[in-house]
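Trainee: Could we go through this structure together? I would like to begin with the caveats and then take the packing and the sheets.

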Amino acid sequence: MLKAVIVDDEKLVSDFLKIQLEQTGLANVVDQFQKPTTALCEIPNLKPDVVFLDIELPGMNGIELATKLLNVYSEIEIVFVTAYNQYAIEAFKLNAIHYLLKPADEEDIRTALERVMEKRKYYSSTVFDEQLRIELLGHFKVFHNGIEVRLKWPTVKVEELFALMLMCRKNGIGKWQLTEKLWPNVDLKKAEQNLYTTIYRLKKVLIENEIPIRIENEKGKYFLNLPHYTIDIDEQPQFDIGTLFGNKQYHWLQNAKQ
């Protein structure tokens, strides 16, 4: 059963949604919050699977709250709940797993929960004796159990994020280091938003291709959880950095070559 949290400043609405969620038999609501600042402090400690988040909140809207939550607890799934459909585009830029319009009906709520469960099912059923092979010298390839996985990247930045995180796999990399390397000439707030969106798109690519790699956030740093893997650059410690990623022209890699 999923652990759910509700954030809505209208208590009656929140209480009704709690009833709807628990009547599905798929979720247990572990807490409800009316104030976004309180939710931001408490939700990372609760570690829920999913947050049902109203967008129209006092002081900090739901989009802003979701952005901050994803920064401190990137594994969370967001379902936006609102009476106003004009927020849909912004919501899905954050890769929200679902978007509900008030009043949400039972079918929509069940669909949202099933989407979360399907995504979680992948992680819980991952067999960690599966073998990953990653090759970065002369090209950029991923092999799963000996078979090359032909990854289709939704944007070039998603692929570049994966490349950068692979290079930082041992020590992790901070949020601001990522934004500086990936969006060096972009406003900080916009770059931060770009990062959250790109991380979620990368997670989606990994899930859809059944690659058992997880993206984790610990003490402000992002890490790749890579079970049972080999990577060619560990096998050739004296490799020529100029051969990394083949013909990919990552500017942060170019700086490293100098």
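This is a predicted model: local features need pLDDT of at least 70, side-chain atom pairs count only at pLDDT 80 or more; totals for chains, interfaces and linings use all residues.

Mentor: Residues are numbered from 1 along each chain as its sequence is written, and side-chain values use heavy atoms, with hydrogens and water left out.

Trainee: Which residues touch the most other members of the largest nonpolar core?

Mentor: Val-7, Ile-43, Leu-53, Leu-136 and Phe-245 do, in a core of 60 residues. Helix α8, residues 188-208, gives the most to this core, with eight residues. Such a core is a set of buried Ala, Val, Leu, Ile, Met, Phe, Trp, Tyr and Cys residues joined through side-chain atoms within 4.5 Å. Buried means under 20% relative accessible area, exposed over 50%, and partly exposed in between (1.4 Å probe, protein chains only). Helices (H or I, at least four residues) and strands (E, at least two) are DSSP runs, numbered from the N terminus.

Trainee: What is Ile-43 in contact with, leaving aside its neighbours within four places in sequence?

Mentor: With that exclusion, its partners are Val-5, Val-7, Phe-33, Pro-48, Val-51, Leu-69 and Ile-76. Contact means heavy atoms within 4.5 Å.

Trainee: On to the helices. How do the axes of α7 and α8 cross?

Mentor: The axis of α7 (residues 175-182) comes within 9 Å of that of α8, and the two cross at roughly 100°. Therefore α7 is roughly perpendicular to α8. Axes are lines fitted to C-alpha atoms, for helices over the stretch in contact, and angles run from 0 to 180 degrees between N-to-C directions. Angles under 35 degrees count as roughly parallel, over 145 as roughly antiparallel, 65 to 115 as roughly perpendicular and the rest as oblique.

Trainee: And which residues make that contact?

Mentor: Helix α7 supplies Lys-175, Trp-176, Leu-178 and Thr-179, while α8 supplies Leu-188, Ala-191, Glu-192, Leu-195 and Tyr-196.

Trainee: Now the sheets. What is the order of the four strands in the open sheet?

Mentor: The order is β8-β7-β6-β12, with mixed pairing. Strands β8 (147-149) and β12 (229-231) are the edges, each pairing on one side only. Two strands pair if DSSP finds at least two bridges between them.

Trainee: How does β6 pair with β7, and how with β12?

Mentor: Strand β6 (residues 132-135) is antiparallel to β7, over four bridges, and parallel to β12, over three bridges. Arg-133 stands opposite Phe-143 in β7 and opposite Thr-230 in β12.

Trainee: Last topic: is Asp-8 buried or exposed?

Mentor: Asp-8 counts as buried because its relative accessibility is 4%. Asp-8 is found in the loop between β1 (2-7) and α1 (11-23). Asp-8 and Phe-33 are 25 residues apart in sequence and 6.4 Å apart in space, C-alpha to C-alpha.
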